[in-house]
Amino acid sequence: MAGMRRQSDGSAAAAGITGYMRRIGENTGILDAPTITMKVSTTPSQELALTNCAYCSPNDTTRFLRRGSDHGLAAVGSTMVLNIKAHESVPDGSIALNAIQRRNAKVSAGDSILVERFSPPEKGFKLVLLTIELEFVKSRGKNEQQLDATILGKELQRRFAGQVFTVGQKASFEYCGTNYIFSVLGTIVEGQGESDSVNRGLLGSESTILFETPSNSGIKIVNQRGGASSSLFKQKDLNFQKLGIGGLDAEFADIFRRAFASRVFPPHVISKLGISHVKGLLLYGPPGTGKTLIARQIGKMLNGREPKVVNGPEVLSKFVGETEKNVRDLFADAENDQRSRGEQSDLHIIIFDEIDAICKTRGSTRDGTGVHDSIVNQLLTKIDGVDALNNILLIGMTNRKDLLDEALLRPGRLEVQIEIGLPDERGRVQILQIHTSRMKDNSFLGANVNIEELAVRTKNFSGAELEGLVKSAVSFGLNRQVNMADLSRPLDEDNIKVTMDDFLRALHEVQPAFGAAINTLEMYRLNGMLDCGERHRHIQEMATTLVEQVRRSERTPLLTCLLEGPSGSGKTAMAATIAIDSDFPFIKVISAENMVGHTESSKCGVIAKVFEDAYKSPFSIIILDDIERLLEYVNIGPRFSNLILQTLLVLLKKIPPKGRKLLVLGTTSMPRVLESMDLVGAFNVSLHVPVLNRADITKVLESLNVFAKQDINNAVTALDEEIPIKRLLMLVEMAAQGKSGQGAEEVYAGRSKIDIDHFYDCLHDLAS
């Protein structure tokens, strides 16, 4: 009864194992024959035990034969797939396994085991990379043995070609008189994607074998070839859009060339070149341009250790010496790995977000503790000290590169410095496609949404702002399906559509923080750019010529132009028009109205910051509006701020960095005052913007089309011979309101005209 019970239990277990094997086979091969139970025996000879094959009788071997081959493949137990070969000494119904195979299958000689013929898939089963951990069968004490990975890899390819290897499987072999055992740590097969889970594959002549050794194993691997490129990156091609990164192809190409190209090649090649790997990478640029995203995706792209992500302030501690210890702990794993494995050590990535918070220029932080200086010193020691590590990549990110200690930026430390700027039009198309791809795949994106048009309209948007634009547009689309009067009403999920109108409405909500805010510039010319006659047209053409000179000439990376003229003559509107028409990616207005309440030093800081930001863009325009107000000029008392004056004098003559172009447009109503300060001479060109004469007034009134034709001459005659355009527009606006204060919309829409008598009344009131 006990024997019958054991047999019954064994049958149940066999059925369970069979089901498990079939589930495995669905993904990693085809189990195409009934499972049979065979008796385990030992391998006929020690020589055959080192082949990693299983042996059956000639009769049984025919059950597993593959077409056109003298051997078969079989899934043995639930852990491995073995080559099956015939041997006369093995009786029918038995399968001969060596000691390591029996250990893998957890059986002993004389036990029963389930065996089933295995047919490998036609595609996606050939091994591209086989990662194994190598050790001695018997410990050799302190004697270290050096193995050439290239020679040993070819020998293993020859011996085990055509065999299937499974993660976790162990195998033994003899090489140069020494017995070794290896464990399969990982497999990568042809066509395997990042999300694919494949744990076995077929070894071929083109497969690459990557060797690893346990610490203190006594085995040293040299000339680790081939597998370096495959082991460094998880996928064969670096498709950045699949990673959710758009518009940064050129930056990624630079990062790969500078930081990873040397790591693709095996260590012996780099040793022969006499160079060391790049250890530091700095990503800098405006907020929201994708610096953190790039660092995060670099970690996902690479095989090996999980990146350590550190926010700058987290390293700081109030306890003496604790901050320095925190920095040392970040490098501890890399040090241990390099000490035990040498050149075969994994790449350890440490990501410092907001690195400027802890690595400021030494001596600049006056907190009395010197902690910030100690952090910089500790980092310098770990990256490029006496015991410098060669298996680390430190990635720092900052919006303020100018705050970092210069010693960190020299070669050997954070030597690769990549600016991540605002995306161009092609980049914005990629980013918008990334953020709308899922709603498009699920038919939630309206057919009228034009991504290319949106890319044109979002000229100065960062990647984060483009994502915010998509979110805002989606909110409009979702809101249409919500009944505010009855929130309990079922939602119509199938009819959700995000249309082009939603994106256009979102454009009014989401504004670019960096670069040119066109809506802000439009505020400086509410009436548009009117035709003010030949003199104003000539000035605008000259200024446009300066824009083209900055755009095209390599000899004049910096041009400065002063627009001077009486108050109200339209200087600011002209500067805004020139800037908008330039289509430059970075346009900023420095105006006194934005700095009310600031101290002199803080004003200088704001002005300097705008210029620093401008140097980050290939083409920039800065408008210094109403310069005398910026200088705090008054007729009595302290006349002006010398600190701000000196700041402007320096910045107006500072040449931008190589590859950067800058046009500065200044406006003033007091050219003589600025001339006495030597500020007019700091501008390359000075253009006089005049008030309107009678001919100009006629042109403006004709452009506005608010008077009847017969009344235009009467209105011009009633006005002074010269008048600032702002005063003229104010007068027209007052007259357009009508005597009752109504009717301006009808006038500007062309449905009615200004009454000339009312215009005379307004002119009289304004003059009195």
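Mentor: A salt bridge here is a side-chain nitrogen of Lys or Arg within 4 Å of a carboxyl oxygen of Asp or Glu. This is a predicted model, in which local features need pLDDT of at least 70, side-chain atom pairs count only at pLDDT 80 or more, and totals for chains, interfaces and linings use all residues. Residues are numbered from 1 along each chain as its sequence is written, and side-chain values use heavy atoms, with hydrogens and water left out.

Trainee: How many salt bridges does a search of the whole structure find?
Mentor: The search finds 18. Glu155, Arg158 and Arg159 are linked in a network of them.

Trainee: How far apart are the closest N and O atoms of Glu155 and Arg158?
Mentor: They are 2.5 Å apart. Both residues lie in helix α5 (residues 149-160), three residues apart, which is about one turn of the helix. Helices (H or I, at least four residues) and strands (E, at least two) are DSSP runs, numbered from the N terminus.

Trainee: And is Arg158 buried or exposed?
Mentor: Arg158 counts as exposed because its relative accessibility is 58%. The cut-offs are under 20% relative accessible area for buried and over 50% for exposed, with partly exposed in between (1.4 Å probe, protein chains only).

Trainee: Which residue does Glu419 pair with?
Mentor: Glu419 forms a salt bridge with Arg660, with 2.3 Å between the closest N and O atoms. Glu419 lies in strand β20 (residues 416-419) and Arg660 in the loop between α21 (642-651) and β24 (661-668), so the pair ties together parts that are 241 residues apart in sequence. Both Glu419 and Arg660 are buried.

Trainee: What about Lys661, which residue does its side chain meet?
Mentor: Lys661 meets Glu554 in a salt bridge, at 3.9 Å from N to O. Lys661 is in strand β24 and Glu554 in the loop between α17 (534-552) and β21 (558-564), so this pair links distant parts of the chain, 107 residues apart. Lys661 counts as buried because its relative accessibility is 6%, whereas Glu554 is exposed, with a relative accessible area of 66%.

Trainee: Changing topic, how many disulfides are found?
Mentor: Zero, in a search of the whole structure; a disulfide is a pair of cysteine sulfur atoms within 2.5 Å. Cys532 is buried, with a relative accessible area of 7%, and Cys604 is buried at 10%.
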